[in-house]
Amino acid sequence: MSVTMGTNLHELLRRHREEEARLRWEGTFAEYLDIVRRRPEVARLSHARLFDMLRAAGVTEAEEGGDGERRPRQIHFFDGQLFGLEEPLNQLYDYLESAARRLEVRKRILLLMGPVGGGKSTIVTLLKRGLERYTRTEEGAVYALKGCPMHEEPLHLIPDSLRPQVSEELGVHIEGSLCPVCRYRLEEEYGGDIERFPVQRIVFSEAERVGIGTFTPSDEKSQDIAELVGSIDLSTVGEYGTESHPLAYRFDGELNVANRGLMEFVELLKAQTEFLYALLTLSQEQSIKTGRFAMIYADEVVIGHTNEAEYQAFVKNERNEALIDRMILIKVPYNLRLSEEVKIYRKLLAESDLQGVHVAPHTLEVAAMFAILTRLEPPRHPNLTLMKKLRLYDGQPVEGFSPRDVREMREAAEREGMTGVSPRFVINCLSSAVIRAENRCLGPLNALRALRDGLDHHTGLTREQRERYLNLIHETRREYDEIAKNEVNRAFVYSFEETARNLFNNYLDHIEAFCNKTKLRDPLTEEERDPDEKLMRSIEEQIGVPESAKKAFREEILLRLSALARRGQKFDYTSHDRLREAIEKKLFSDLRNVVKITTSAAHPDEEQLKRINQVVQRLCDRQGYCPACANEVVRYVGQLLGR
Ligand SMILES: Nc1ncnc2c1ncn2[C@@H]1O[C@H](COP(=O)(O)OP(=O)(O)OP(=O)(O)O)[C@@H](O)[C@H]1O
Ligand SMILES: [Mg+2]
Ligand SMILES: [Zn+2]
Ligand SMILES: [Zn+2]
């Protein structure tokens, strides 16, 4: 044994061997029947298998909250992989649930339709990889007739006349008949004795062409239907004498290979009609028409994908009516939630070679903001800007709108999420920004610049769209300016929380005295004072409380406070959104001059330098900046304020 090989590696290889051994099972059909008796689920059909696979990873059912809020069902199988696609994934789940119960829908082809780079291929790939893993587990075990080119269900051996009885005894549904090869071998090799026919456990593997098939239409003329349904093996026809001999046929088309599992049809609607009809026969009748043989039974989930333009063109053609009728359409629009979009980028960055590059705070958020703005339909509500709509969709509070309004807005939208820029576009822009500038730190401004440059190379944008997108970059930039100012301001306010709290408590004391018409006692001198109107107003004015409404505002706050107190809860400066905003703004405005003079000084003096260094330090320690981007944001805010 090699000494250079680490023991961990040996351990790993040993476990791998054990795993492979565990998965290797071979027995007779008689033994298989015992397995089915114990665990009828091994004989389930493809839709049920896929559905059980999804369920095996866990599902949290949907929840209705108050005020029209609704959390959709979470299908944990997709956790960490797909973000903001709850709706299409739930439709897929519902479909599989019905199909698993062998309802009529299982005879349809699933068609995912959505914009480029919206995750269609990823959904199908996850299902494929999932099935491969699932069939390696005990709950997901699959058995097949040994040597069958379509690894068919062993129960096909049972003659029709015996099926009702066997079916009842084993508690399983039996469907389908032997393939020509197995039928031939049953007679030739086992003399018709089904109990002797060997059965083996199989695991799905796209690479080994078991249980998973993929078909991509290519150049029209050159593509042969054999790629789907197999073909005559001319080299063996001589040996077997006739083309209709089962051993002279290669059952190796993608539809054959995918039997019992999943068949992906890439760009489905680009395929020739002949191919589509082959698919239709498969899903409608569970059979493949192959060469000179009668229909051959096959059981598989068929999922195709397409883009919207292709779909619309296809639907317009009357000749396709029958086909459309037999498809189930699932729209896969782009994600529309800011925080989910950021997660997509994190995932894509982790998979890329951009590790080692520091991504400054707010960079992904800003890029995501732009991307989502390009996808949103203009708000119909007069008081709603596109940016506010983005916040609402993200679940952030926007004054005057409830979750119910958001739900209605989403339902009223027509094609929202079907256009705009894709996550792939954004990530490509970010990558080229990093590579071009040899930046070791990627910030929001680099990102926006890269996105703007990227628009020049974005094919398929009309002039109007480009104009619109440039404007949205502008709008995002303005939003970022506010974020940056806020962040630097906060860093300036030493122990921000404590200062805010003091100001808040002070304010409360004063409005309490005001509302109760009492006086405040100075803790040092014990002198009695009237409540300080100037102090109270300086806070209220920050959020535009007019003089005429100040009394109502103050009373409302005290009411809230006592309501919370009754429930034994503490009233804190963060308990009241508007008051919190007012307090923060007041603090910032007190500090504005300090921040402005310090950050925009062309030649900072010693005192100013010290302050800047403290701020940079604080940004690094608490907000996730590195020295490079911290200095940059401080300089940038200086520019903004110095204007
Ligand atoms: N909602 C999402 N959640 C997670 N990742 C996503 C999402 N949308 C897109 N992606 C990522 O973006 C990339 C492109 O997605 P994918 O290739 O699946 O899109 P597609 O719809 O098949 O596009 P096309 O029409 O170009 O074939 C993938 O890496 C995918 O993981
Ligand atoms: Mg794709
Ligand atoms: Zn067979
Ligand atoms: Zn940095």
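Predicted model: local features only at pLDDT ≥ 70, side-chain atom pairs only at ≥ 80, totals over all residues.
The protein is divided into domain 1 (15-331), domain 2 (338-492) and domain 3 (496-590). Two zinc ions get their own sections, one as ligand 3 and the other as ligand 4.

**Domain layout**

- The C-alpha centres of domain 1 and domain 3 are 66 Å apart.
- Glu-308 falls within the bounds of domain 1 (15-331), and this glutamate sits in helix H12 (residues 308-316).

**Zinc ion, ligand 3**

- Four side chains hold this zinc ion (ligand 3): Cys-148 through SG, Glu-152 through OE, Cys-179 through SG and Cys-182 through SG. The distances run from 2.0 to 2.3 Å.
- What makes the arrangement around the zinc ion (ligand 3) tetrahedral? The 4 donor atoms subtend angles of 99 to 117°, and four donors count as tetrahedral if all angles lie between 85 and 135 degrees.
- Glu-152 and Cys-179 are both buried.

**Zinc ion, ligand 4**

- Here the donors are His-358 (ND1), Cys-441 (SG), Cys-626 (SG) and Cys-629 (SG), at 2.0 to 2.4 Å from the zinc ion (ligand 4).
- With angles of 103 to 118° between its 4 donor atoms, the zinc ion (ligand 4) also comes out as tetrahedral.
- Along the chain, the donors of the zinc ion (ligand 4) are spaced H-x82-C-x184-C-x2-C.

**Aromatic pairs**

- Searching the whole structure turns up 12 aromatic pairs.
- One of them is Phe-77 with Phe-78: the ring centres are 5.0 Å apart and the planes are at 90°, so the pair counts as edge-to-face. Phe-77 and Phe-78 are both buried.
- Tyr-480 and Tyr-636 pair up in a stacked way, with 5.9 Å centre to centre and 20° between the planes.
- Tyr-480 belongs to helix H20 (residues 463-492) and Tyr-636 to helix H26 (residues 627-642), so this pair ties together parts that are 156 residues apart in sequence.
- Are these two tyrosines buried or exposed? Tyr-480 is buried at 4% relative accessibility, and Tyr-636 is buried too, at 6%.
- Trp-25, Phe-29, Tyr-32 and Tyr-143 are joined into a cluster by ring pairs.

**Arginines over rings**

- Arg-375 lies over the face of Tyr-334, at 4.6 Å from the ring centre.
- Arg-554 has its charged end over the ring of Phe-514, 4.4 Å from the centre of that ring.
- Arg-554 itself is in helix H23 (residues 550-566) and is buried, with 0% relative accessibility.
- Apart from residues up to four places away in sequence, Arg-554 touches Tyr-507, Ile-511, Phe-514, Cys-515, Glu-533, Met-536, Arg-537 and Glu-540.

**A buried glutamate**

- Glu-308 counts as buried, at 15% relative accessibility.
- Leaving out residues up to four places away in sequence, the contacts of Glu-308 are Met-113, Gly-114, Arg-415 and Met-418.

**Backbone spots to look at**

- Most residues other than glycine have a negative phi.
- Arg-260 goes against that pattern, with a positive phi near 80°. This arginine is in the loop between helix H10 (254-257) and strand S12 (262-265), and is buried at 3% relative accessibility.
- Lys-517 also has a positive phi, about 55°, without being a glycine.
- Where is Lys-517 placed? Lys-517 is in the loop between helix H21 (496-516) and strand S19 (520-521), and is exposed, with a relative accessible area of 71%.

Terms used. Residues numbered from 1 in each chain as written. Chains lettered and ligands numbered in written order. Heavy atoms only, no water. Donors = N, O, S within 2.8 Å, 3.2 Å for Na, K, Ca; no water. Tetrahedral: all angles 85-135°; square planar, octahedral: opposite > 155°, others 65-115°. Buried < 20%, exposed > 50% of the residue type's maximum accessible area, 1.4 Å probe, protein only. Phe/Tyr/Trp six-rings, centres within 6.5 Å; stacked < 30°, edge-to-face > 60°. Helix = DSSP H or I, 4+ residues; strand = E, 2+ residues; numbered from the N terminus. Lys NZ or Arg CZ within 6 Å of the ring centre and 35° of its normal. Domains from an automatic or database assignment. Contact = heavy atoms within 4.5 Å.
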